[in-house]
Amino acid sequence: MFEDTLLKEYKFKSVYNFLSIISDAIENKFDFWNFDGEQFVKSALRFNKVSLLHIYVSGTLYCYYRGVFRKSGDLIEEDDIEWWINLMKEYGIKLKKPKSCDDYDFAWKWFNMNEEKFMQFFDTISDEIVHILFNDKLLLVKFNQIVRNVLLDENGTYADIVEWPKDSRNENGTIKRCHIPKWVKRAVFHRDKGHCVCCNRDLSGIISILHNNNFDHIVPLKDYGTNDPCNIQLTCEQCNKSKGAKNIIAKYKYQSWW
Ligand SMILES: [Zn+2]
């Protein structure tokens, strides 16, 4: 019997609206807009269930909607506010109602009044969004390249936001290798359906034994990749060995449902 505690009940209310914002942001290589440097470092160094994609999703949605409420606040109507109130209610988050809807900037004031609730909501919904996007390897490759830019930007805009603990990285700034936990292996194995993503060899363990080095960093650590669950894929030993640090291999073959 599968333990109930391992099952999450997702609601997927309006989640596809949010997904399209995130996939657009990744397609257009938008930076991490608003992120907690400490959390970023924690998730980049060691496999964390709050993945870098979770951080990116909640930060991007927050910045996106903050921009919408600030710039086009006068286009937002009472019905839109009602929509947000009802949506968050589904997730157990109670928004305050606007004091008045007469001012031209009432929507912006209302957003500010409820800012923390919005952040809480985007954190909550990020779990549902990552659940869906984790299957989209094409998007994961692009996402990991955005992450790579943060790591490479040693003296740029991120330098003062991201503080790395001593000895967490090599001299050239790449992240040190660490143990891949079972929960990551299980997730990647199931997502990639027990097959090497490069040559499609069956790695299900019936014929050959699954090795530790079957779990491969999509963007290699040597090339400023991270120890993030979204940066791992399943490969056979041969494909893993033949993959140079500079060549990001990820084929996007999917087994059709029927
Ligand atoms: Zn292979």
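Trp-33 comes out as partly exposed, with a relative accessibility of 38%. The model discussed here is a predicted one. Trp-33 sits in the loop that runs between helix H1 (15-27) and H2, and together with Phe-30 and Tyr-64 it makes up a nonpolar surface patch of about 290 Å². Lys-29 belongs to the H1-H2 loop as well.

Asn-200 has a phi of about 70° and is placed in the loop between helix H8 (182-191) and E1. With a relative accessible area of 46%, Asn-200 is partly exposed.

The backbone oxygen of Phe-30 lies 2.9 Å from a polar atom of the Tyr-56 side chain. As for Asp-36, its C-alpha atom is 10.0 Å from that of Tyr-56, with the two residues 20 apart along the chain.

Asp-36 has a contact of its own at the start of H2, where one of its side-chain oxygens comes to within 3.0 Å of the backbone nitrogen of Glu-38. Helix H2 itself covers residues 37-45, and its buried members are Gly-37, Phe-40, Val-41, Ser-43, Ala-44 and Leu-45. The cover over these buried H2 residues includes helix H3 (52-71) and helix H7 (137-152).

Turning to charged pairs, nine salt bridges were found across the whole structure. One of them joins the side chains of Asp-127 and Lys-8, at 2.5 Å from N to O. This pair links distant parts of the chain, since Asp-127 is in helix H6 (residues 115-133) and Lys-8 in the segment before H1, 119 residues apart. Asp-127 is partly exposed, with 21% relative accessible area, while Lys-8 is exposed at 57% relative accessibility.

A salt bridge also connects Asp-223 with Arg-148, and here the closest N and O atoms are 3.0 Å apart. Asp-223 is located in the loop between strand E1 (215-217) and strand E2 (232-234) and Arg-148 in helix H7, so this pair ties together parts of the chain that are 75 residues apart in sequence. Asp-223 is buried, with a relative accessible area of 5%.

Asp-192 and Arg-191 likewise meet through their side chains in a salt bridge, with an N to O distance of 2.9 Å. Asp-192 is buried at 5% relative accessibility, and Arg-191 is buried at 8%. Elsewhere, Asp-103, Asp-105 and Lys-109 are joined in a network of salt bridges.

Aromatic side chains pair up too, and a search of the whole structure gives 25 such pairs. In one of them, Phe-18 and Phe-122 are arranged edge-to-face, with 6.5 Å between ring centres and 75° between the planes. Phe-18 is in helix H1 and Phe-122 in helix H6, so the pair ties together parts that are 104 residues apart in sequence. Both of these phenylalanines, Phe-18 and Phe-122, are buried.

Phe-122 forms an aromatic pair with Trp-84 as well, and this one is also edge-to-face, at 6.4 Å centre to centre and with 85° between the planes. Here too the pair links distant parts of the chain: Trp-84 is in helix H4 (residues 78-90) and Phe-122 in helix H6, 38 residues apart. Trp-84 is buried, as is Phe-122.

Key
Residues are numbered from 1 along each chain as its sequence is written. This is a predicted model: local features need pLDDT of at least 70, side-chain atom pairs count only at pLDDT 80 or more; totals for chains, interfaces and linings use all residues. Side-chain values use heavy atoms; hydrogens and water are left out. Buried means under 20% relative accessible area, exposed over 50%, partly exposed in between (1.4 Å probe, protein chains only). Helices (H or I, at least four residues) and strands (E, at least two) are DSSP runs, numbered from the N terminus. Contact means heavy atoms within 4.5 Å. A polar contact is a pair of N or O atoms within 3.5 Å; within protein, one must be able to donate a hydrogen and the other to accept it, and residues adjacent in sequence count only if both atoms are side-chain atoms. Patches are made of residues with over 30% relative accessible area and no salt bridge: like charges are joined within 9 Å, nonpolar side chains (Val, Leu, Ile, Met, Phe, Trp, Tyr) within 5 Å. Accessible areas come from the Shrake-Rupley method with a 1.4 Å probe; for residues, only the protein chains shown count as cover. A salt bridge is a side-chain nitrogen of Lys or Arg within 4 Å of a carboxyl oxygen of Asp or Glu. Rings of Phe, Tyr and Trp (its six-membered ring) pair if their centres lie within 6.5 Å; planes under 30 degrees apart count as stacked, over 60 as edge-to-face and the rest as tilted.
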